[in-house]
Amino acid sequence: MKSTDKINITMKITRSIKNIRDIRNIRYLMLAAAVISVAVGIALGQPASVLGKAVRVCLECIGIG
């Protein structure tokens with residue numbers, strides 16, 4: 001194996017590691033966005049609103065509401 005082949009392989013591995021790090025960073029960014037969105041929704045009282053709508057839909061389905 002020539003030394004240039006070894007250098008090319010090393011460069012490819014380095015690029016792959018950088019891509020893995022980028023993907024990992026994107027995952028953490030998306031996780032942070034999801035956590036922030038859930039926290040904002042809870043702070044705005046959305047769980048109570050969703051529960052109320054679910055109760056109305058269920059009651060309409062069984063013919064009470």
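This is a predicted model: local features need pLDDT of at least 70, side-chain atom pairs count only at pLDDT 80 or more; totals for chains, interfaces and linings use all residues.
A residue counts as buried under 20% relative accessible area, exposed over 50%, and partly exposed in between, with a 1.4 Å probe and protein chains only.

Residues are numbered from 1 along each chain as its sequence is written, and side-chain values use heavy atoms, leaving out hydrogens and water.

Leu51 sits in helix α2; helices are DSSP runs of H or I with at least four residues, numbered from the N terminus. Helix α2 covers residues 46-61, and its 16 residues should span 22 Å at 1.5 Å a residue, which agrees with the 23 Å between its end C-alpha atoms. That expected span is 1.5 Å times one less than the number of residues. After α2 comes Gly63, with a positive phi near 90°.

Leu51 also belongs to a nonpolar surface patch with Val55, Leu59, Ile62 and Ile64, and together they have about 490 Å² of accessible area. Such a patch joins nonpolar side chains (Val, Leu, Ile, Met, Phe, Trp, Tyr) within 5 Å, from residues with over 30% relative accessible area and no salt bridge, the latter being a side-chain nitrogen of Lys or Arg within 4 Å of a carboxyl oxygen of Asp or Glu. The areas come from the Shrake-Rupley method with a 1.4 Å probe.

What about disulfides, pairs of cysteine sulfur atoms within 2.5 Å? The structure holds zero. For Cys58, the nearest cysteine sulfur is that of Cys61, 6.2 Å away. Cys58 is partly exposed, because its relative accessibility is 49%, while Cys61 is exposed at 67%.

Definitions and conventions. A disulfide is a pair of cysteine sulfur atoms within 2.5 Å. Helices (H or I, at least four residues) and strands (E, at least two) are DSSP runs, numbered from the N terminus. Patches are made of residues with over 30% relative accessible area and no salt bridge: like charges are joined within 9 Å, nonpolar side chains (Val, Leu, Ile, Met, Phe, Trp, Tyr) within 5 Å.
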